[in-house]
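Open the model in your viewer and keep the selection tool at hand. Each stop below gives something to select and then says what is there.

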Amino acid sequence: MKVLIDGKETVAVEGQTVAGVLLGAGVTSWRTTRDGGRPRGVFCGIGVCFDCLVVVNGIADVRACQRLVRDGDDIRAQHGAELPS
Amino acid sequence: MSRVVVVGGGPAGMAAARAAGAAGVEVLLVDSGARLGGQYHRQDSRAGTERFTLPSGVEYLGDSVVWALEPVAGGHRVHVRTGPADGPGRTGRSVDTPALVLATGAYDRALPFPGWDLPGVFTAGAAQALAKGQGVRVGERVLLAGTGPFLLPVARSLLDVGARVVGVLEAGEPVTGWLARPGGLLAGTGKLGELAGHAALLARHRVPYRRRTAVVEAHGTDRVEAVTAARLNPDWTVVPGSSRRVEVDAVCVGFGFTPQLELAVAARCALAGGFVAVDVAQATSVRGVFAAGELTGIGGAELSAAEGTIAGASAARLLGARPAPPVRALRKARTGRRFAAALDAAHPVRDGWRSWLREDTLVCRCEEVPYGELCAAAREREAYGGRSLKLVTRAGLGPCQGRICGRAVAELTGIQDAAATFARRPIAAPLRLGELAEDPGPQPEAL
């Protein structure tokens with residue numbers, strides 16, 4: 001299957017998490033914090049810390065370590081607090 | 001029709017579901033993971049083959065989060081949402097049960113240190129989960145640091161996926177600790193064999209293992225480029241002049257585990273020493289609620305499974321089934337608990353870690369609350385109670401709800417009861433407002 005990472009087509013396989021695809025592609029950070037704009041990526045890896053939040057198909061605040069990818073998913077970095085449009 | 005509801009699909013939850021199912025009662029097993037196994041038996045989610053089987057009377061609900069628990073006449077109502085993580089497309093379901101088994105497990109305890117929020121700093125559990133579940137290595141040159149035997153299997157998993165493990169740093173002095181508890185040491189002989197196997201593998205790969213050493217700072221701008229490792233005094237303050245810089249692209253830290261308490265707290269189960277208090281039948285202080293596994297004390301997968309078996313049988317008995325007494329599991333649980341007590345005594349976290357922090361070191365990662373601000377608020381505004389401290393500083397109010405920082409915040413500010421302060425979460429898992437507003441749907445499935 002193919003997914004988009006910040007607009008770039010990337011090959012993924014069934015059962016990969018969004019974090020698995022991103023780290024596999026060498027991306028270590030895909031979020032910036034609300035106040036300090038600090039870069040964040042995976043920390044706990046098991047759905048507890050909410051540091052790995054990412055935007056999937058326009059929906060913000062998705063834990064990259066918990067979300068399994070689906071064909072055509074549009075994955076992009078989350079900057080600060082993203083409000084629903 | 002009455003049935004047992006088990007929350008958690010790890011060693012304890014699976015064993016509970018099997019035991020209750022074998023006793024002839026209907027079981028609903030709810031797990032947040034995509035595959036059964038929990039953290040210890042994590043399956044590669046990319047592989048098609050399923051390692052675990054459940055008896056026919058067990059309904060398995062994966063990808064499902066229990067977001068609230070409420071008492072109802074004769075039992076508890078379990079509110080579940082099922083579907084892809086954190087999306088709006090999940091479906092809701094509420095189930096009433098007179099016999100609830102909580103097996104929600106634990107997660108790595110991380111201590112704050114300067115730079116710990118840089119990408120490339122992971123918990124040991126993250127490195128393990130990504131290696132086992134995704135075949136991903138968190139870095140090319142990886143350093144492991146913390147305390148406890150769990151660092152060794154994580155090092156093994158990292159080697160398995162081709163990472164270079166540049167060292168395993170144990171902050172404590174575990175040999176002394178183990179020898180001090182000969183009863184516990186004997187009880188854990190099986191475990192020691194397993195650990196010896198990991199140690200031999202590390203030796204083959206020439207991975208250095210250092211005691212009384214820790215990572216006290218991570219360096220980098222957008223990600224970790226190096227860390228400072230230092231020798232520790234017995235109280236975990238840094239030995240002056242012992243710091244050295246180690247070039248790495250990932251560092252994994254783990255200082256034992258924190259139990260996932262919110263559902264037990266929501267059910268008003270009594271706690272003891274930060275864990276859920278249970279009797280020999282794994283019954284909590286609340287009628288109809290049982291707890292098993294790391295939620296009741298950290299002792300590993302074997303003990304968790306034994307406790308799960310006992311809890312499942314107890315829950316089935318409450319529904320009127322007559323299962324045979326789980327004699328083997330009871331024996332295993334007894335020995336396992338001795339091992340757990342020895343483990344706990346051998347790997348204490350010493351207060352000196354506080355001296356690793358600087359004024360600007362974030363303690364609460366979510367709300368970006370630095371150490372200096374936290375202490376100033378606690379001091380100046382006398383915000384010593386957990387609730388007022390949270391409101392004044394915002395520490396523990398972010399999306400993780402204090403799961404990561406709660407224990408550290410409590411220790412740094414003198415809050416006595418971290419578990420009760422930070423595990424009281426009426427909404428146990430984040431929900432979207434749309435989900436909350438959604439029509440509640442059909443009536444809850446009856447007792």
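Begin with residues 213-219 and 226-231 of chain B: these are strands E13 and E14, which pair in the antiparallel sense over six bridges. Helices (H or I, at least four residues) and strands (E, at least two) are DSSP runs, numbered from the N terminus, and two strands pair if DSSP finds at least two bridges between them. This is a predicted model, in which local features need pLDDT of at least 70 and side-chain atom pairs count only at pLDDT 80 or more, while totals for chains, interfaces and linings use all residues. Residues are numbered from 1 along each chain as its sequence is written, chains are lettered from A and ligands numbered from 1 in the order in which they are written.

Now pick B:Thr228. Its bridge partner is B:Glu217, and in E15(B) B:Thr228 is partnered by B:Arg245. Strand E15 of chain B covers residues 244-247 and is joined to E14(B) by four bridges, running antiparallel. Between E13(B) and E14(B) the hairpin has six residues, and B:Gly220 there takes a positive phi near 150°.

**The parallel sheet**

Select E9, E16, E10, E11 and E12 of chain B in that order: these five strands form an open sheet with parallel pairing. Which strands stand at the edges? They are E9 and E12 (209-211) of chain B; each has a single partner strand, so one side of each is left without a neighbour in the sheet. Neighbouring strands of the sheet are turned by 20° against each other on average, direction ignored; axes are lines fitted to C-alpha atoms, for helices over the stretch in contact, and angles run from 0 to 180 degrees between N-to-C directions.

B:Thr123 stands opposite B:Val253 in E16(B).

**The nonpolar core**

Which residues have the most contacts inside the largest nonpolar core? They are B:Leu144, B:Val215 and B:Val251, in a core of 169 residues. Such a core is a set of buried Ala, Val, Leu, Ile, Met, Phe, Trp, Tyr and Cys residues joined through C-beta atoms within 7 Å. A residue is buried if 20 or more other C-beta atoms lie within 10 Å of its own, exposed if 12 or fewer, and partly exposed in between, with C-beta atoms placed from the backbone. Helix H8 of chain B (residues 301-318) gives the largest share of this core, nine residues.

Centre the view on B:Leu144. Leaving aside neighbours within four places in sequence, its contacts include B:Ala124, B:Leu151, B:Val165 and B:Cys252; two residues are in contact if their C-beta atoms, placed from the backbone, lie within 7 Å.

Go to helix H12 of chain B, residues 406-413. Six of its eight residues are buried, so H12(B) is largely enclosed by the rest of the structure. Among the buried ones are B:Arg407, B:Val409 and B:Thr413. Their cover includes strand E17 (257-259), strand E21 (362-364) and helix H10 (371-380) of chain B. Just after H12(B), B:Gly414 takes a positive phi of about 80°.

Then select strand E1 of chain B, residues 3-7. Five of its five residues are buried, so E1(B) too is largely enclosed by the rest of the structure. B:Arg3, B:Val5 and B:Val7 lie on one side, with B:Val4 and B:Val6 on the other. Five bridges join E1(B) to E2(B), residues 26-30, and the two run parallel; B:Val6 stands opposite B:Leu29.

**Where the chains meet**

Show both chains: 33 residues of chain B are in contact with 34 residues of chain A. On the chain B side, E8 (106-108), E9 (121-123) and H2 (124-134) each supply at least two residues, and H2(B) gives the most, with five.

**Each chain as a whole**

Chain B has 14 helices and 22 strands, and 52% of its 447 residues are buried. Chain A has one helix and eight strands, in the order β-β-α-β-β-β-β-β-β from the N terminus. Buried residues make up 51% of the 85 residues in chain A.
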